[in-house]
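Hi,

Here is the structure I promised to pass on. Have a look at it first, and my notes follow below.

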Amino acid sequence: MTVLLIDDDPEVLDSSRQTLELEGFAVQAVTEPEAGLARLGASWPGVVVTDVRMPGMDGFALLERVRAADAEVPVVLVTGHGDIAMAMRAVREGAYDFIEKPAEPDHLVEVVRRALAHRGLVLENRRLRAQLAEGGPEGRIIGRSPAIERLRAAVANLADAEVDVLLFGETGTGKELVARSLHEAGRRRAGNFVALNCGAMPDTIIESELFGHEPGAFTGAQGRRIGKLEYAAGGTLFLDEIESMPMHLQVKLLRVLQERVIERIGANRTIPLDLRVVAATKVDLLRLAAEGRFREDLYYRLNVVTVPLPPLRERREDVPLLFRHFLDAAVARSRRTAPPLDAGTLARLAAHGWPGNVRELRNVAERVALGLGDGLAPAATGGATAEIEPLADQLDRVEKQLIEDALARCGGRVGETAERLGITRKTLYLKMRHHGLNRDDFTEE
């Protein structure tokens, strides 16, 4: 992410550049608007901070050129001749913000930080939309946190592996979505993806749903029925809430997993199967087995590969991106205009515990899209009149937490931490100083 500074006054330009670089921003500074425009391209990862009154091309003309190239590049206009009419014009023509010159360093840094965060979300949403349009599995699993990166890597690694998979995660973490991603990323994508919720089926019909039946196999069985297992041949069978499967069916499922054959109810002929089974649970199956409520042999047969799904509270950095994705989808379905995301909404999203995980977040986005509010409790204490913490302060706190976590995971090695965060060592040291982290407490490697 880059800040492009444009000002025809070299002294002002150098002062602003130093202010931003001391805060860890990557800065490109130019005195000619045309030179600045030449640096922009499709999906350019940055923001523009430009003086308004310049010879040849003023800031408003520059704003028009930038928006023609990419309407979602944040442009901050700076002028020493500002007035209310000019500020209103700047907002009306699409400027991200308007700052009076000379810009207060703290205010300039705050505006740039907000603009860069906004630009990052825009670019990430574009990438995700492109992946969704391609139908790839990565487009389904949304997020930038280390936990989600590991999950995407696991899906890519297991997609073509001919092993059954057990997904373990809380309710609402997206177990069916991951199962579909495994199916669509692998060679079985041409076959059927068949989902069955074991907890939603009465014991009296789940066996018939799984194995199918022949005519006359039981009262009411008038014709032949193909079961889910047989229908999934050549593809993937997803068994959600596997812990709810009756014990007598667990024996039959174990045989299917071991021998890859079934018998329809009321038939004597075995039918060979070529399928993959992905099971999902929200409980500790080994504990259930110890209590006699789940077959231990079935647990070990399913536990060849277990993929954990992280709860949303353990990857809070993904919340804004996920919310934006769900909000875009909701407004498209309802044919409405996306409401602006104010600091209050973002603060409540960041503070919420998300017991319902991604499913709860999606429901909140649906409510916001319909103009019903987010329904979340205020982020600050003290009642409805309590002040909302500025977005810049919230982002600062999140950035500090991420840096501290990364340093801890890398054993305090600054070089390795910078590499894994995708920034230079100098930038990391500047950010550490900004957040009050003593560099003497860490090693240079």
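A term to start with: buried means under 20% relative accessible area, exposed means over 50%, and partly exposed is anything in between (1.4 Å probe, protein chains only). Keep in mind that this is a predicted model, where local features need pLDDT of at least 70, side-chain atom pairs count only at pLDDT 80 or more, and totals for chains, interfaces and linings use all residues. Residues are numbered from 1 along each chain as its sequence is written, and side-chain values use heavy atoms, with hydrogens and water left out.

Aromatics next. Rings of Phe, Tyr and Trp (its six-membered ring) pair if their centres lie within 6.5 Å; planes under 30 degrees apart are stacked, over 60 edge-to-face, and the rest tilted. That rule gives two aromatic pairs. In one, the ring centres of Phe193 and Phe238 are 6.2 Å apart with planes at 20°, so they are stacked. Phe193 sits in strand β7 (residues 193-197) and Phe238 in strand β8 (residues 236-240), so this pair ties together parts 45 residues apart in sequence. Helices (H or I, at least four residues) and strands (E, at least two) are DSSP runs, numbered from the N terminus. Phe193 and Phe238 are both buried. The rings of Tyr299 and Tyr300 have centres 5.0 Å apart and planes at 65°, so that pair is edge-to-face. Tyr299 is buried at 11% relative accessible area, while Tyr300 is partly exposed at 48%.

There are also charges over rings (NZ of Lys or CZ of Arg within 6 Å of the ring centre and within 35 degrees of the ring normal). Arg89 lies over the face of Phe60, 3.8 Å from the ring centre, and Lys252 lies over the face of Phe211 at 5.8 Å.

On to the strands, which pair if DSSP finds at least two bridges between them. Strand β6 (residues 165-168) runs parallel to strand β11 (residues 276-281), joined by four bridges, and Leu167 has Ala280 as its bridge partner in β11. β6 also pairs with strand β12 (residues 306-308), again in the parallel sense, over three bridges. There, Phe168 is partnered with Pro308.

That's what I have so far.

Cheers
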